[in-house]
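Hi everyone, thanks for making time. I'd like to walk you through a structure that's new to you, so let's get it up on the screen.

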Amino acid sequence: MFKLIYLIDSIVLFLLIVMWAVVANRLSRLSYRSTKKELQRSIARFMIPFFIAQGLVIAEVVILFLLGTYGWEFIKEKVLLTMPLFIPSAISTIVPLSMLRKITGRISENLQSTVDETDRKVLTSPGLMLPVQAALISSIAGCYFSYVVYPFELNVLHAVILWLSFAAVIVVLWFRQQRLSRKRVKANYAMTVSTRLQHAVISSACLAILIGGWYALSMKASVLPDHMNMGSMDHEMDMQAMNHSMNHTMSNTIRNTMNVKEISVTALTGPQTEKADRHFELVAQKKQVKLSSGKTMEAWTFNGIAPGPELRVKQGQIVEVVLKNKDIEEGVTIHWHGYNVPNAEDGVAGVTQDSVPPGGTHVYRFEAKQAGTYWYHSHQQSAKQVIKGLFGSLIVEPNDLPQHNTKDITVLSHAWQLSDGSALTPTYGLKDTLDRQTIPAGTQVKLRLINAQNYPQTFQLSGVPFEVTAIDGNEIHSPTDIKDQKLMIAGGGRYDILFTMPKTPVRLSSRSEAGVTPGIVFSEAVTHSTPAINEKNAVFDPGTYGEKQPTPFGIHSKFDRTFNIVLDSRFGFYNGKIYALYTINGHVFPDTPMLTVKEGDLVKTTFINRGWDHHPMHLHGHTMLVLSRNGQPTTGSPWWTDSLDVAPGEVYEVAFQADNPGIWMDHCHNFVMPKRE
Ligand code: C2O
Ligand code: CU
C-alpha cells in the first residue's frame with residue numbers, strides 16, 4: 001500500500017508541473033487572439049487543463065494526508081517547506097478564473113468584433129498571469145525537494161531562504177509581466193515567430209547555465225577524498241577500500257571516544273596468547289564450480305569450494321582463522337556476520353583492517369561466546385565478492401546438552417551469477433534443482449536458514465508444523481508450533497526452525513528477488529511426491545511470537561542516546577557521477593551521520609523507511625532488541641536481531657547496549673551496485 005501511494009505521489013508531483021506549465025502557456029496566449037470569438041474559444045479550451053491542474057492539487061493534498069498516516073517523518077518536509085508555497089499558489093488561481101469569467105460575460109454579445117484594449121489589458125495583467133506562474137514554480141519546488149534534494153535537516157533558516165527566494169522570483173515576474181502588458185496594450189503587437197524564437201533561445205540559455213552550474217558544482221562536491229580520518233581515532237581510513245567494500249547505503253560507523261583516553265582500533269583484538277581450541281585456514285581463490293543442474297561459473301571460493309566450508313565450533317572455544325588470499329586482486333577480508341567479536345577482528349576493510357592482498361595473510365582470533373547460526377563473508381567490495389561466493393556458515397553449538405537424534409541441516413541460500421551472464425540463479429548452496437533427502441520418521445530436524453542473498457527472502461516449510469527456535473542466533477523463548485505461515489528473512493538474517501519428521505514428505509522452498517529456489521523434499525523413504533507450496537500463506541510475525549521474558553532494557557528504559565535513521569531515495573551525485581541514490585537522513589556516505597556514543601551507553605535507534613526499497617539494516621558488533629514496529633510495541637519473546645528488514649513505509653524502534661568499543665558499521669545489507677542513471 002505504501003509503495004502504491006509513493007508511486008501515485010511521484011506521478012502526481014510530475015503531472016502538476018506538466019499541467020501548470022500547459023495552463024500558464026495557454027493563459028499567456030489568450031491576449032494574441034484577434035476576434036472575440038477566437039478568444040471565447042481559447043478561454044473554453046484553457047479551462048480543461050486548468051481544472052485538471054486544480055484536481056491534481058486536491059489529489060496531492062489527499063496523498064499527503066495518506067502518507068501522514070505512516071508517521072509525521074514521512075511528510076515533514078513537504079508539509080513544512082513546500083506546502084506553504086504550493087497551497088497559497090493554487091488557491092490564488094481563483095483570481096484569474098474569475099477574471100476570465102468576467103471577460104467571457106462581456107464579450108459574449110459581439111463575437112465578430114476584435115478584442116479591445118480593456119480586455120487585452122486584463123489578459124496581460126500580472127494579476128491574471130502570476131498566480132498560475134506561482135503554482136508552476138511551487139510544483140517544480142515540490143518535485144525538486146522530493147527527488148533531487150531532500151532538505152532533511154529541516155531548519156527555519158532553510159525555510160526562510162526558500163520562501164524569500166520564491167517571493168523574489170514572484171516580484172521579478174510581476175514587474176516583467178507589467179512591462180509586457182504595457183507593451184502589448186499600446187501597440188497591438190503580435191508576437192512574430194522570430195521574437196518568440198528569441199525568447200525561447202534566451203530563456204533556454206539561462207536555464208542551461210543554471211542547470212549546468214548546479215550540475216558541475218554538485219558533481220565536484222560529491223567526489224570522494226583519497227583519504228579520510230574517522231575523527232580523532234588513530235586510524236586512517238583508506239577511502240578507496242571503503243568505497244570498494246561498500247554496499248549501496250553503507251553508513252554510520254560508531255566511534256567510541258572513551259572520554260580522554262584514545263585506543264587504536266587495531267588494539268581491540270581477541271585473545272592473543274591463549275592456545276586456540278579450533279584452528280581453520282581459509283584460502284580465497286578463484287575456481288570453476290558447478291551447480292547441481294550442471295551449469296558452471298567462475299566462483300570466488302574459500303578453499304576451492306563455494307559457499308566456503310562450514311565452520312562449526314562449540315560455545316566457549318577460542319577460534320583461530322587464518323585467512324590467505326591466493327588470487328583475488330582486489331583483496332579480501334572476513335567479517336563474522338552477527339558475531340560480536342572485538343573490533344579488530346570484525347574484518348571490515350578500510351575500517352578495522354586493510355584488505356588482504358594476493359599472497360597476504362591475516363589471522364582472526366575470537367572467543368565463541370554466542371551460540372547459534374551465523375555466517376562469514378568478505379567485507380571488501382562485498383557487493384561483488386559475496387555474490388561471487390566468498391562466504392560460508394558459522395555454527396556455534398551450545399555447550400550445554402548435545403541434542404541426540406537431532407538432524408542439523410544448514411541451508412545457505414544464495415543467488416549466483418552464471419558464466420553465461422543469465423539472470424541470478426537462486427540456490428541452496430550449489431543446488432539449483434530440487435534436492436531430496438531421506439530422514440526416518442520421528443527424527444527431530446533442525447534447519448538453519450541463512451539468507452545470503454539481497455533483499456528479504458520468504459521461506460516456506462510445507463507438510464508439517466514447526467517451531468521457530470532462533471532468530472539471528474538468538475533463542476526464542478517458548479516457541480509454539482506454527483503452520484501455513486511463511487518466514488520472511490532479511491538479507492543477511494538467519495532463522496532456526498525445528499520440526500519432527502512425519503511419515504509424509506515435507507518440503508522447504510523459498511522465494512526471493514532472484515526467483516524461486518526449488519528447495520528440498522524430506523521424506524521417510526525415496527519418493528517422487530513433492531508437497532505443494534501455498535504462496536498465499538500469511539507472513540510470520542516475530543513481534544508477537546513466543547513468550548515474554550525479562551530483558552536488560554526495553555521500550556520504557558531511559559536511553560542515553562536516541563537516533564533517527566531515515567532511509568530514502570533520490571537522484572544525485574556520488575563520486576562525480578549521477579545515480580538514483582539511497583540516502584540516510586538525506587545523505588550518502590561519507591556525509592551520512594556518524595553516530596558517536598560512549599561505552600556502556602544505552603542507545604535507541606528508529607529506522608524510518610520512506611523510500612522505495614526494503615533495507616535490511618545490519619549493525620556490527622552488537623545485537624539489537626526490537627522495541628516496536630509501526631508504533632506497536634513487540635509483545636512476544638524478546639526479538640533480538642542483527643539484520644532487520646525495514647520495508648517501505650515501516651518504522652522500527654530498536655535498542656542496543658554499546659558494550660563493544662570500536663568503529664562499527666550500521667548499514668543496509670543489500671549488496672547491489674547502485675544503478676547508473
Ligand atoms: Cu554481513 Cu557489514 O555485513
Ligand atoms: Cu538498502
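Before we look at pairs, one definition: when I say salt bridge, I mean a side-chain nitrogen of Lys or Arg within 4 Å of a carboxyl oxygen of Asp or Glu. And keep in mind that this is a predicted model.

By that rule, the count here comes to 22 salt bridges. Take Glu-73 and Lys-76: their side chains meet in one, at 3.7 Å from N to O. Both Glu-73 and Lys-76 are buried.

Next up, Glu-77 and Arg-610, which meet at 3.0 Å, N to O. This pair links distant parts of the chain, 533 residues apart: Glu-77 sits in helix α3, and Arg-610 in the loop between β27 and β28. So, are these two buried or exposed? Glu-77 counts as buried because its relative accessibility is 3%, and Arg-610 is buried too, at 4%.

Now compare Glu-330 and Lys-384, with a salt bridge of 3.2 Å, N to O. They're 54 residues apart, with Glu-330 in the loop between β7 and β8 and Lys-384 in helix α10. Glu-330 is partly exposed, at 25%, and Lys-384 is partly exposed at 30%.

There's also a network: shared partners join seven residues, Glu-310, Arg-312, Lys-314, Glu-397, Asp-408, Arg-448 and Asp-496.

Six of them form an open, mixed sheet, in the order β14-β22-β21-β16-β19-β23. At the edges are β14 and β23, each pairing on one side only. Inside that order, β21 and β22 run antiparallel over six bridges, and Ser-510 has Thr-517 in β22 as its bridge partner.

Key: Residues numbered from 1 in each chain as written. Chains lettered and ligands numbered in written order. Predicted model: local features only at pLDDT ≥ 70, side-chain atom pairs only at ≥ 80, totals over all residues. Heavy atoms only, no water. Pairing = 2+ DSSP bridges. Helix = DSSP H or I, 4+ residues; strand = E, 2+ residues; numbered from the N terminus. Buried < 20%, exposed > 50% of the residue type's maximum accessible area, 1.4 Å probe, protein only.
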